[in-house]
Amino acid sequence: MTFSFFQPIFLIKVITLIVVGFYIIFTFIVFTQVKAMGKIIGLPHASSIFKTVSIINIILAISLFLFALVIL
Amino acid sequence: MTDIFIAPVKSKQKNQHTTEKSHMHALSSFSKNPLGIKFEAQKKDESIVLFLRPHILTNLPWVSLGIFLIFFPLIIMKILPMLGINFLSSEIIAHFTTAYVIFYYLIVFSYVLISFLTWFYNIFIVTADRIIDIRYSDIVIHNVSETNLHHIEDVRYSQSGVIPTLFNYGNLYAQTAGATENFEARSIPKPKEVTDIIASLIGND
């Protein structure tokens with residue numbers, strides 16, 4: 001079977017990667033907002049916990065992108 | 001000569017609540033004179049009298065939806081084989097299914113995180129000089145408003161519905177003079193007590 005860019009599977013893979021890419025951008029926005037809120041209001045431990053959680057979110061999103069890139 | 005009228009000394013009693021400092025629980029919705037909290041543009045000698053955020057019960061809708069969304073794929077996985085649909089029939093479909101399930105759970109995780117942040121960072125602070133309303137919504141919007149206490153003309157609260165009455169939370173409205181923005185704190189615990197404290201601060205201002 002010859003490879004074609006117009007194969008449905010390939011198109012679905014590209015669309016999936018684009019959507020996950022947007023999700024990565026979104027996780028960076030969440031991280032920026034968490035940082036901004038930490039500056040506005042200083043609550044004990046909250047800022048560092050939320051920063052850690054949002055960094056984990058970014059790492060998971062990037063991992064998913066790489067995972068999708070490899071297995072799809 | 002006997003005294004006809006002796007004015008009651010109320011101001012000391014009213015200000016008693018402003019002197020006792022207390023440690024605040026991380027998820028607390030109502031805290032008087034909390035320790036360890038600082039906000040941007042806080043003056044050196046400015047102490048926080050009240051720290052408020054919506055009642056913890058207001059999180060119930062997104063918590064319920066979050067729990068449902070966590071278990072939703074498991075329900076689907078039980079139902080689909082009964083209908084003769086198998087998402088693990090071939091290697092390529094199994095790969096797509098795996099990627100989409102992981103992506104789905106990441107979105108659920110983000111939904112829970114954002115909902116929690118929206119509750120956590122919707123804060124209403126009352127200091128001895130002013131009130132500060134910090135609003136955080138839709139992840140890309142955060143708004144900080146403040147007004148001096150002497151700009152506040154009227155402060156009132158409303159409690160409507162069975163659950164707010166039962167758990168003692170409601171909305172607080174602070175009307176400011178002129179074209180200044182009015183303040184509203186939604187679903188805060190003990191709204192009557194908060195109204196009384198702000199009213200006493202305005203009176204003593």
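B:S187 lies in strand β11 of chain B; helices here (H or I, at least four residues) and strands (E, at least two) are DSSP runs, numbered from the N terminus. You're looking at a predicted model, in which local features need pLDDT of at least 70 and side-chain atom pairs count only at pLDDT 80 or more, while totals for chains, interfaces and linings use all residues. Residues are numbered from 1 along each chain as its sequence is written, and chains are lettered from A and ligands numbered from 1 in the order in which they are written.

**Stop 1**

Is B:S187 buried or exposed? With 22 other C-beta atoms within 10 Å, B:S187 is buried. The cut-offs, for C-beta atoms placed from the backbone, are 20 or more others within 10 Å for buried, 12 or fewer for exposed, and anything in between for partly exposed.

Now select B:N168, in the loop between α4 (162-166) and β10 of chain B. Phi of B:N168 is also positive, near 55°, in a residue other than glycine. B:N168 has 14 C-beta neighbours inside 10 Å, so it counts as partly exposed.

**Stop 2: the three-stranded sheet**

Next, show β9, β10 and β11 of chain B: the 3 strands form an open antiparallel sheet in the order β9-β10-β11. Two strands pair if DSSP finds at least two bridges between them. The edges are β9 (152-158) and β11 (183-189) of chain B, each with a single partner strand, so one side of each has no neighbour in the sheet. From one strand to the next, the twist averages 20°.

Zoom in on β10 (residues 169-176) and β11 of chain B, which pair in the antiparallel sense over 5 bridges.

**Stop 3: the five-stranded sheet**

Hide those strands and bring up another open sheet in chain B. Its 5 strands have the order β2-β5-β6-β7-β8, with antiparallel pairing. At the edges are β2 (30-32) and β8 (141-148) of chain B, each pairing on one side only. Ignoring direction, neighbouring strands of this sheet are turned by 10° against each other on average.

What packs on this sheet from chain A? It's α1(A), touching β7 (130-137) and β8 of chain B, with its direction at about 15° to that of β8(B). Contact means that C-beta atoms, placed from the backbone, lie within 7 Å.

Inside the sheet, look at β5 (residues 48-52) and β6 (residues 123-127) of chain B: they run antiparallel and are joined by 4 bridges. B:I48 stands opposite B:T127 in β6(B).

**Stop 4: a helix pair in chain B**

Select helix α2 (residues 60-82) and helix α3 (residues 91-120) of chain B, whose axes come within 10 Å and cross at roughly 170°. Axes are lines fitted to C-alpha atoms, for helices over the stretch in contact, and angles run from 0 to 180 degrees between N-to-C directions. α2(B) and α3(B) are therefore roughly antiparallel to each other; the label needs an angle over 145 degrees, whereas under 35 is roughly parallel, 65 to 115 roughly perpendicular and the rest oblique.

Show the side chains at the contact: B:W62, B:G66, B:L69, B:I70 and B:P73 from α2(B) meet B:V101, B:Y104, B:V108, B:Y111, B:V112 and B:S115 from α3(B). By class that's 9 nonpolar, 2 polar and no charged residues. Ala, Val, Leu, Ile, Met, Phe, Trp, Tyr, Cys and Pro count as nonpolar, Asp, Glu, Lys and Arg as charged, and the others, Gly among them, as polar.

**Stop 5**

Finally, color chain A by itself. Chain A has 2 helices and 1 strand, in the pattern α-β-α along the sequence. Its C-alpha trace spans about 60 × 15 × 10 Å along the principal axes. Buried residues make up 21% of the 72 residues in chain A.

Bring chain B back: the contact takes 27 residues from chain A and 26 residues from chain B. On the chain A side, α1 (8-40), β1 (41-42) and α2 (46-71) each supply at least two residues, and α1(A) gives the largest share, 11 residues. That side has 21 nonpolar, 5 polar and 1 charged residues.

End at β1(A), which pairs in the antiparallel sense with strand β4 (residues 38-39) of chain B over 2 bridges. Here A:G42 stands opposite B:K38 in β4(B).

Technical notes: Two residues are in contact if their C-beta atoms, placed from the backbone, lie within 7 Å.
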